[in-house]
Amino acid sequence: MSSTLSGTMGGAMSVTAAVQVRDLGKTFTLHNQGGAELAVLHGVSLEVRRGECVALDGPSGAGKSTLLKCIYGNYRTTQGSLIVGEGENAIDLATASARQQMAMRRTTVGYVSQFLRAIPRVSALDIVAEPLMEDANGDPDKLVAARRAAETLLLRLRIPVRLWSVPPATFSGGEQQRINIARGLIRPRPVLLLDEPTASLDADNRITVTAMINEAREQGAAIIGIFHDQRVRDSVATRVVNMADFK
Amino acid sequence: MSEQDQPILRVEALSKRYGDRLAVDQVSFDLWPGEVLAVVGESGSGKTTLLNCASARLLPDSGRVDFLTRHEGVVDVYRLSEAARRLLARTDWGYVHQNPADGLRMDVSAGANVGERLMALGERHYGRIRQEATQWLSRVEMQEDRIDESPATFSGGMRQRLQIARNLVTRPRLVFMDEPTSGLDVSVQAKLLDLLRTLTHQLHLASVIVTHDLAVARLLAHRMMVMKDGRVVEQGLTDQVLDDPQHPYTQLLVSSVLQP
């Protein structure tokens with residue numbers, strides 16, 4: 001894999017950044033609206049190394065969430081390259097197979113979306129523990145450890161114990177957001193994408209989540225996030241990138 | 001190569017014609033161990049025909065189906081003897097029908113329905129068969145004391161769970177499912193989806209699920225393929241296809257439902 005990559009980049013450069021976005025473009029073609037084209041991203045280039053936290057800035061509609069979704073492989077890119085991971089694990093999302101993208105999500109990239117997608121009948125605790133349970137491959141000790149880790153996170157994020165066994169569909173916005181953050185952070189990954197992780201949180205929880213983001217970065221994660229709250233941004237970002245600079 | 005390094009099922013250029021109509025046109029896909037693939041599309045798109053050709057229930061006009069067996073490497077399914085193919089379908093494969101009555105024997109007890117596949121494998125010890133059947137009934141959340149009742153007395157949801165237990169008792173590694181939840185009430189559907197999600201994961205089952213319900217695909221599948229007029233028009237990670245559909249037909253499908 002690494003040899004193919006250095007080949008495509010002329011061998012001049014090895015992949016040292018955890019995320020390398022080069023001249024990325026994303027255009028939505030709406031076939032059922034007469035083929036209308038929405039060019040959301042154009043000429044986006046960005047490198048993020050481990051231990052960095054880049055805050056994406058710019059007004060709504062500037063493509064911040066779209067960029068995060070492209071890096072997670074949720075949206076497909078229209079132009080450019082998007083190299084995620086380092087060394088042998090590096091893949092270019094513009095050309096990677098579905099199987100490589102699935103492996104990337106398992107090993108390299110975590111994504112905390114703005115809203116939790118609850119699963120009917122699955123408890124808050126299991127939703128949080130699931131990424132670790134997937135790694136457990138049925139090993140009972142690891143399954144117990146996954147649950148323990150989930151409990152620790154739920155306690156830290158002040159989710160009342162009586163809610164742990166309840167599916168989070170009926171939780172408040174702030175509770176759902178904390179479940180989503182816990183699920184996104186339970187398994188440390190080299191790259192972390194955060195879409196407004198503190199938007200619905202009260203002051204205490206905002207401070208807790210800010211601390212968790214900083215811990216993840218200090219442990220070596222490359223973080224790219226959207227933080228509308230100025231205080232949060234100031235306390236987590238090592239660099240601010242304005243989307244307008246790419247236009 | 002270890003099992004993880006090669007597909008468990010490889011379908012190559014399958015085609016099936018009904019008279020003048022090409023129901024499945026040169027469809028190929030790989031399925032990896034533990035992977036759930038959803039095949040979506042409207043009725044008449046060829047998805048059930050594809051499922052039946054891939055699962056050796058319906059002879060395709062052309063194409064090839066390779067399966068990675070437990071002990072004998074990769075076999076070309078349509079080159080196996082009829083007997084070997086039937087044994088495969090009864091042991092290492094499962095097939096869940098939309099209508100449970102098509103996959104169950106309605107004139108024998110629930111326990112006999114589950115035990116039958118074990119007997120086909122040569123198990124003759126009544127106590128062991130009954131014990132296994134009881135375990136599987138509880139695993140699909142059925143009351144164990146209904147083991148001697150006929151499925152004819154069961155609700156639709158219970159019948160579907162029984163059909164799943166009947167399929168899984170031999171620990172297959174690959175299960176084909178044709179609209180497994182579509183005949184059921186919404187609340188019953190949620191329970192069944194949760195069960196399928198848990199079981200496919202716990203048993204590391206590879207599965208091809210045909211469904212017209214995009215929410216089912218979202219919940220169960222790692223990857224999806226969209227079919228129209230017998231052809232695959234789009235495929236990718238499930239959330240990718242649903243959140244950023246590329247093909248006009250997929251865009252129409254996704255925009256036509258309330259919350260995929």
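**Figure 1. Strands β1(A) and β2(A) run side by side in opposite directions.** Strand β1 (residues 19-30) of chain A pairs with β2(A) in the antiparallel sense, over 9 bridges. To spot one of the contacts in this predicted model, find V21(A), whose bridge partner in β2(A) is L46(A). As a reminder, strands of a sheet pair through backbone hydrogen bonds, either parallel or antiparallel.

Figure 2. R223(B) sits in strand β9 (residues 223-228) of chain B, while E35(B) is in the loop between β2 (21-31) and β3 (36-40) of chain B, so the pair ties together parts that are 188 residues apart in sequence. Are these two side chains buried or exposed? R223(B) counts as buried, at 9% relative accessibility, and E35(B) is buried too, at 5%.

**Figure 3. K16(B) and D61(B) make another link within chain B.** In this salt bridge the closest N and O atoms are 4.0 Å apart. The pair links distant parts of the chain, 45 residues apart: K16(B) belongs to strand β1 (residues 9-18) of chain B, and D61(B) to the loop between α1 (47-54) and β4 (62-68) of chain B. K16(B) is buried, with a relative accessible area of 12%, whereas D61(B) is partly exposed at 48%.

Figure 4. The side chains of R64(B) and D66(B) come together in a salt bridge, 3.1 Å from N to O. R64(B) is partly exposed at 39% relative accessibility, but D66(B) is buried at 9%. Salt bridges with shared partners also join R121(A), E141(B), K191(B) and D194(B) into one network. Over all chains, the count comes to 36 salt bridges. Side chains of opposite charge can pair when their charged atoms come close.

Figure 5. C53(A) is buried because its relative accessibility is 0%, and C53(B) is buried at 1%.

Figure 6. Most residues other than glycine have a negative phi. R158(A) is not a glycine, yet its phi is positive, at about 60°. Look for R158(A) in the loop between α5 (140-156) and α6 (173-185) of chain A, where it is partly exposed with a relative accessible area of 41%. E196(A), also not a glycine, has a positive phi of about 50°. That residue lies in the loop between β7 (191-195) and α7 (203-218) of chain A. At 15% relative accessibility, E196(A) counts as buried.

How values were computed. Residues are numbered from 1 along each chain as its sequence is written. Chains are lettered from A and ligands numbered from 1 in the order in which they are written. This is a predicted model: local features need pLDDT of at least 70, side-chain atom pairs count only at pLDDT 80 or more; totals for chains, interfaces and linings use all residues. Side-chain values use heavy atoms; hydrogens and water are left out. Buried means under 20% relative accessible area, exposed over 50%, partly exposed in between (1.4 Å probe, protein chains only). Helices (H or I, at least four residues) and strands (E, at least two) are DSSP runs, numbered from the N terminus. Two strands pair if DSSP finds at least two bridges between them.
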